Amino acid sequence: TNIVEMGNAKFDGLYKAIQKKEYMVGWEKLENKATVLWAESHGVSLVYHMMKQISFDLYAKPIFEYANNNHDIGIVFRPHPAFIQEMFHYGYWSSNDFQRFKEYCADSPNIVFDDTDTYNSAFSVCDGILTSAFCGIIYSALPTLKPICVCYRTRSDISYEPELVKNYYSIYQERDIVDYFDMIKAKKDPMFCLR
């Protein structure tokens, strides 16, 4: 039997993407701005509303307010496809709501809605990564060496990988959003050596 040893295709694409910032058509508004990839996870349900994997309902308002008040930062919002489907399925969003949201991002001077096939373009242009403490991005973003920040619904939530995320920045309240975004704008990353 012939066997060919190969790397993980996801990491190969990610490695290639982070070698140089390449802005897709429509993403030019992010150039020369400190940019955060906001990768929202999924876990919306009818019974529990938002499970611990989701923080969109808690932090969307302060994130968009920060972007509105700080045009020198860019945001690539990349929700998990299952998140969008859950929002539709459980009636939190209508098709019209979703279209208006995408138009809001398109009209913004510093927000991009990313619905491309892979995370590669977002990883290419971002300077920091914001996601749930329970999202797979906590693994795949590590090789980027970029400052990763994980969101929690409550202080009692514990990530599935506490040994990993203890080396990441954490968000438990709205003020933490401002602190993280300010840190990215200042090009600081005091936990770099830990990661």
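Visitor: Which residues does leucine 130 touch, leaving out those up to four places away in sequence?

Guide: Contact means heavy atoms within 4.5 Å. On that basis leucine 130 touches Val36, Leu37, Trp38, Ala39, Ile63, Cys149, Cys151, Ile171, Ile177 and Phe181. Keep in mind that this is a predicted model, where local features need pLDDT of at least 70, side-chain atom pairs count only at pLDDT 80 or more, and totals for chains, interfaces and linings use all residues. Residues are numbered from 1 along each chain as its sequence is written, and side-chain values use heavy atoms, with hydrogens and water left out.

Visitor: How do I read a nonpolar core, and which residues touch the most other members here?

Guide: In soluble globular proteins, nonpolar side chains tend to be buried together. A nonpolar core is a set of buried Ala, Val, Leu, Ile, Met, Phe, Trp, Tyr and Cys residues joined through side-chain atoms within 4.5 Å. Buried means under 20% relative accessible area, exposed over 50%, partly exposed in between (1.4 Å probe, protein chains only). The largest nonpolar core has 34 residues, and Trp38, Phe56, Ile63, Trp93, Leu130, Tyr180 and Phe181 touch the most other members. Helix α2 (residues 56–69) gives the most to this core, seven residues. Another core, of 25 residues, lies apart from it and includes Ile129, Ile138, Leu164 and Tyr168.

Visitor: What about strand β6: enclosed or open?

Guide: Helices (H or I, at least four residues) and strands (E, at least two) are DSSP runs, numbered from the N terminus. In β6 (residues 128–132), five of the five residues are buried, so the strand is largely enclosed by the rest of the structure.

Visitor: Which strands pair with β6?

Guide: Two strands pair if DSSP finds at least two bridges between them. Strand β1 (residues 34–40) runs parallel to β6, joined by four bridges, and β7 is also parallel to β6, again with four bridges. On the β7 side, serine 132 stands opposite cysteine 151.

Visitor: And cysteine 151: buried or exposed?

Guide: Buried, with a relative accessible area of 2%. Cysteine 151 sits in strand β7 (residues 148–151). Leaving out residues up to four places away in sequence, cysteine 151 touches Ser55, Tyr59, Leu130, Thr131, Ser132, Ala133 and Ile171. Take threonine 131: the two C-alpha atoms are 6.1 Å apart, though cysteine 151 and threonine 131 are 20 residues apart along the chain.
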